[in-house]
Amino acid sequence: MLLFLRSKRLASHLAELVFVGGQVTKPGSYELRTANTLLQAVILAGGFTPEAHRKYVLHARPVSEHELKVVAVDVTKLLKTGDGKQEILLQDGDYIFIPNSKLSKFTAVVTAFRAIVPGYGIQF
């Protein structure tokens, strides 16, 4: 019982993280408390590279231990409207993947994303 309490206490002190990869200046994991939305996470990761495909940004959220629900986000629309209601609020364990703009077909984007999260099933 004491071991369970220690592990639970330790887990409560671990930072909640989101992972940003692909065509950003500084890909990596970022604390959720400093990046609550998809755009904030991209900014924390140094912003888009010139090669970034801003119309097919993938947001993936774990729905089970080995499965992710993936949604493609057109960030250009978010930036045009400036409507914060359209922003995606992040949760612990979310992934954001910005593909290269040379990957024009959605299937190529998904294939590139699967390479960075092996072992997960993906739902659309």
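Colleague: Why is Glu 31 called partly exposed?

Modeller: This is a predicted model, in which local features need pLDDT of at least 70 and side-chain atom pairs count only at pLDDT 80 or more, while totals for chains, interfaces and linings use all residues. Residues are numbered from 1 along each chain as its sequence is written, and side-chain values use heavy atoms, with hydrogens and water left out. Buried means under 20% relative accessible area, exposed over 50%, and partly exposed in between (1.4 Å probe, protein chains only). Glu 31 has a relative accessibility of 29%, so the term is partly exposed. For Arg 33 the value is 67%, which is over 50%, so Arg 33 counts as exposed.

Colleague: What makes the pair Arg 33 and Glu 31 a salt bridge?

Modeller: A salt bridge is a side-chain nitrogen of Lys or Arg within 4 Å of a carboxyl oxygen of Asp or Glu. From N to O, the side chains of Arg 33 and Glu 31 are 2.5 Å apart, so the pair meets the rule. Side chains of opposite charge can pair when their charged atoms come close. By this rule the count is 2 salt bridges.

Colleague: What makes a run of residues a helix or a strand here?

Modeller: Helices (H or I, at least four residues) and strands (E, at least two) are DSSP runs, numbered from the N terminus. The protein has 4 helices and 6 strands. From the N terminus on, the elements run α-β-β-α-β-β-α-β-α-β.

Colleague: How do you know that S3 and S4 pair?

Modeller: Two strands pair if DSSP finds at least two bridges between them. S3 and strand S4 (residues 67-73) have 7 bridges in the antiparallel sense, so they count as paired. His 59 has Val 71 in S4 as its bridge partner, and a hairpin joins S3 to S4 through 2 residues. S3 also pairs with S5, antiparallel, over 3 bridges, with Leu 58 opposite Phe 97. S1 and S5 run parallel, joined by 4 bridges; Tyr 95 in S5 is the bridge partner of Phe 19.

Colleague: Which way do the side chains of S5 point?

Modeller: Tyr 95 and Phe 97 point one way from S5, Ile 96 and Ile 98 the other way, and all are buried. In a regular strand the side chains alternate between the two faces of the sheet.

Colleague: What makes a group of residues a nonpolar core?

Modeller: A nonpolar core is a set of buried Ala, Val, Leu, Ile, Met, Phe, Trp, Tyr and Cys residues joined through side-chain atoms within 4.5 Å. The largest has 21 residues, and Val 20, Leu 38, Ile 96 and Ile 98 have the most contacts inside it. Two or more residues come from each of strand S1 (17-22), helix H2 (38-44), helix H3 (75-81) and strand S5 (95-98). H2 gives the most, with 4 residues. Apart from this core lies another, of 6 residues, including Leu 58, Ala 60, Tyr 95 and Phe 97.

Colleague: Why is Val 75 called buried?

Modeller: Val 75, in helix H3, has a relative accessible area of 0%, which is under 20%, so the term is buried. Contact means heavy atoms within 4.5 Å. Beyond residues up to four places away in sequence, Val 75 touches Leu 38, Leu 39, Phe 48, Arg 54 and Val 57.
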